[in-house]
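Have a look at the model first, and then we can go through it together.

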Amino acid sequence: MKFYGHPFSSYTQKALIALYENATPFEYCQLGGDPAIEEAHRRLWPLKKMPVLEDEGRVVVESSVVIEYLDLQHPGRTRFIPEDPKQAL
């Protein structure tokens, strides 16, 4: 799993909290320096917004959606989204 983001982005930090809290293994592809990482990020999400999570060919964008995806596909000891849909809203 690869995670693209910039350390000064609050949206990146929001998703990183979920990844680190549950010790989810991932590769952090830090934007803002390496042209190869920048190009890979652009190919995944041409709008070049962040964060972007790539997991086995699936591309997940936007921090809240990344967190929901992690809760469903890579659950850990901490749940971030309540199971009850009404509470989740």
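The protein chain exposes about 5,800 Å², and carbon and sulfur atoms supply 54% of that area; the areas come from the Shrake-Rupley method with a 1.4 Å probe, and for residues only the protein chains shown count as cover. This is a predicted model, in which local features need pLDDT of at least 70 and side-chain atom pairs count only at pLDDT 80 or more, while totals for chains, interfaces and linings use all residues. Residues are numbered from 1 along each chain as its sequence is written, and side-chain values use heavy atoms, with hydrogens and water left out.

The fold has four helices and four strands, in the order β-α-β-α-β-β-α-α from the N terminus. Helices (H or I, at least four residues) and strands (E, at least two) are DSSP runs, numbered from the N terminus.

A few values for the whole chain:

| Property | Value |
|---|---|
| C-alpha span along the principal axes | about 40 × 25 × 25 Å |
| Share joining residues at least 24 apart, among contacts (heavy atoms within 4.5 Å) between residues at least 6 apart in sequence | 50% |

Now for a closer look at one helix. In H3 (residues 63-73), the buried residues are Ser-63, Val-66, Ile-67, Tyr-69, Leu-70 and Asp-71. They pack against helix H1 (10-21) as well as strands E3 (52-55) and E4 (58-61).

Notes
Buried < 20%, exposed > 50% of the residue type's maximum accessible area, 1.4 Å probe, protein only.
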